[in-house]
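These are my notebook entries on one protein chain.

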Amino acid sequence: MTDAPATGAAADSFPQSTGSSARLDDNDPPWPLRPWIMAAICAVAGLLFHMLVDRQYVAEPAPLLDALAAFVAIATIVFVLGVELRRWLWALGFALLWGAVMGLITWHSAGYNFGGSPIEWPFWSGILAVLVATPLFQTRRDVAPDWRFWKLWQMPYARLHSHAWTDAVIGAASLTFVGITFLLVVLIGQMFKLIGINLIFDLLNDEWFGWMLGGAAFGGAVGLLRERDRLVSTLQRLVMMVLAVLAPVLAVALVLFLLSLAGTGLQKLWDSGFSTAAVMMAAAAFAVLLANAVIGNGSDDRATSRVLRWAAPVLVVAVLPLAAIAFYSMHLRVIQYGWTPERIWGVIAAVIALAYGIAGVWAVVKGRRDFDDWLRPLQQKLAIGLALLALFLALPIMDFGAISTRDQLARLKSGAVPAEKFDWAAMAFDFGPSGRTALGDIAKSADKTKAGLATWALKARDRWALHRDGEQMTARDAAFGARRIEEKVRVQPASRALPAELYALLDQRSFCRTAPCIVQWVGDSRVAVVSHSGMLTYFAIDPTTKKWSDYYEGSDPAEQKRRELTVDDLERGGVEVRTVTRRQIFVNGKPVGGDFE
């Protein structure tokens, strides 16, 4: 039995004003101040977010600040999108809860990989959980007699479906409004700049102002649209009608594609060079989207066109073979290259698509022409399950990095992958603490090749330091890279030592990474560094900070290729500083361009 909306003299209902209301639900009274309140909340949140992420001068990662920034952003957006005067405390509690959950996920992700970003796969899984859970909450808030949130599957599907589409339309329209607002403010700023008033233009160059302006525009737009959700509902139906027109196009394309595969086989998919799993799951997602646009919120809302009515079950049934191909593609990838966190997430996504495909086929078989009456309750259960699964996977409960580490180590030890082809960068930067612990163990092994590569991977500051010209480092590169920076640098003249600060800077900038480099003193406080590629970089003592800093005086690619040096040149070649006469254009005593003779 479905819960009914609280009406009449219910404690959370309000009498309507004497004027006409633009609200879709009569239980929601007009709230004229909503746009201003939401704009103020989002503006303050934008400022707080900027203060938490504006750390360009902080060298070390700050997981706690990242977590607080995620808490502020997610809690604000969820509250603004879902709040009503009716049961507003529910909305506040829901927003704070999800803000705390996303803060925890961000904090764990930020500290999981060495120098890693907090925006990893668990973060996106948490975002998916929020997106699915928000319309579930809104529907339960509307119909629940009290705060108990069990029996979610008994909620009215029409209201749940309407909330999901309305949230998407309002969110997209509000983001568009943010873009228009910035364009307008830029135009106004340029107008005043023409007459010598730079205040607005200067404010736009300050990031804190941009975050506050964007937040205020987004919150104000959401508030305005929520107060006119009857109009938004019409816009939502218009969007669904437009999308429904595309359903027959995709249905015909999918039928032809699947029939073609029966003749060509799957090998052409693997040979295409694209990610087969990603393409198949994207096609399946579009099929689900367009099918839902056709079937609408309920039996009375489904499309009346015979062409559209026949396209919808075709799209629903096509999801299963598309998901099966995606799953098989991921299966082959794992067999060939082993498990990684990305592949685990890919397999999970394919399994979810398979679940929807099976549900769709079952609904079509049972309901035939009226398959949508069977599909809607299944979709509601799938949505609840998806939200719970996404939340479970986002939380630091299962360690995908540890699973991947064990599998990749087994492949290395069995000889399935040689040490030179092993993905040392993934172990160091993608598999979390388990990967780096495993590298530490390998670095102590008796196998000098593996030990050298593992040591070099552990010492690297980023994954790009483990690659040269787009290819992974060899054992020889790793052996050289494991040396101390003082052993890699050839100083000229040899009688003049380099300060420790400059050695540290050379190591930090990854100079002499895989081959020796020459450091030539060209002044009392200035040196020139010649790398393996022939690139020349100057280091000098900054007169203001009194610290060493670098600046590059390079050449075009052809010239750089001509000057590329061998390892023998760098280790034993003669080094000299010549006085060169050249011709160059000067304007008002200032050089222009390079020399031409």
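**Entry 1: helices α4 and α5**

I looked up how helix α4 (residues 121-143) packs on helix α5 (residues 157-194) and found an angle of about 130°, with the axes 9 Å apart. The axes are lines fitted to C-alpha atoms, for helices over the stretch in contact, and angles run from 0 to 180 degrees between N-to-C directions. I noted that helices (H or I, at least four residues) and strands (E, at least two) are DSSP runs, numbered from the N terminus. The two helices α4 and α5 are therefore oblique to each other. Here angles under 35 degrees count as roughly parallel, over 145 as roughly antiparallel, 65 to 115 as roughly perpendicular and the rest as oblique.

The crossing of α4 and α5 is right-handed. A crossing is called left-handed if the near helix is turned anticlockwise from the far one by less than a right angle, and right-handed if clockwise. On the α4 side I listed T134, P135, L136, Q138, T139, R141, D142 and V143, and on the α5 side R159, L160, H163, A164 and D167. Contact means heavy atoms within 4.5 Å. By class, I recorded five nonpolar, four polar and four charged residues for α4 with α5. For this, Ala, Val, Leu, Ile, Met, Phe, Trp, Tyr, Cys and Pro count as nonpolar, Asp, Glu, Lys and Arg as charged, and the others, Gly among them, as polar.

**Entry 2: basis of the model**

I am reading a predicted model, in which local features need pLDDT of at least 70 and side-chain atom pairs count only at pLDDT 80 or more, while totals for chains, interfaces and linings use all residues. Residues are numbered from 1 along each chain as its sequence is written, and side-chain values use heavy atoms, with hydrogens and water left out.

The protein has 23 helices and nine strands. Of its 597 residues, 43% count as buried, where buried means under 20% relative accessible area, exposed over 50%, and partly exposed in between (1.4 Å probe, protein chains only). Among contacts with a separation of 6 or more, 67% join residues 24 or more positions apart.

**Entry 3: helices α12 and α13**

I next examined helix α12 (residues 306-337) and helix α13 (residues 341-367), whose axes come within 8 Å and cross at roughly 155°. That angle makes α12 roughly antiparallel to α13. The crossing of α12 and α13 is left-handed. Their contact has 21 nonpolar, three polar and two charged residues.

**Entry 4: nonpolar cores**

I searched for nonpolar cores, meaning sets of buried Ala, Val, Leu, Ile, Met, Phe, Trp, Tyr and Cys residues joined through side-chain atoms within 4.5 Å. The largest has 39 residues, and L254, V294, L315, F371 and L375 have the most contacts inside it. At least two residues of this core come from each of α8 (229-245), α9 (247-264), α11 (276-295), α12, α13 and α14 (371-394). Another core lies apart from it and has 31 residues, including I74, F123, V222 and A394.

I found A251 in helix α9, buried with a relative accessible area of 5%. Not counting residues up to four places away in sequence, A251 touches A311, V314 and L315. The C-alpha atoms of A251 and A312 are separated by 7.8 Å, although these residues are 61 apart along the chain.

V101 is in helix α3 and counts as buried at 16% relative accessibility. Beyond neighbours within four places in sequence, V101 is in contact with L391 and L395.

D66 belongs to helix α2 (residues 63-82). Is D66 buried or exposed? D66 is buried, with a relative accessible area of 14%. Leaving aside neighbours within four places in sequence, I recorded R55, T106, A110 and P118 in contact with D66.

A528 lies in strand β5 (residues 526-530) and is buried, at 7% relative accessible area. Its C-alpha atom is 8.0 Å from that of I518, ten residues away in sequence.

**Entry 5: backbone geometry**

Most residues other than glycine have a negative phi, and most peptide bonds are trans. R87, which is not a glycine, has a positive phi of about 55°. I located R87 in the loop between α2 and α3 (88-112), where R87 counts as buried at 13% relative accessibility.

A cis peptide bond joins Q492 and P493, with omega about -10°. P493 is in the loop between β3 (489-492) and α21 (500-508).
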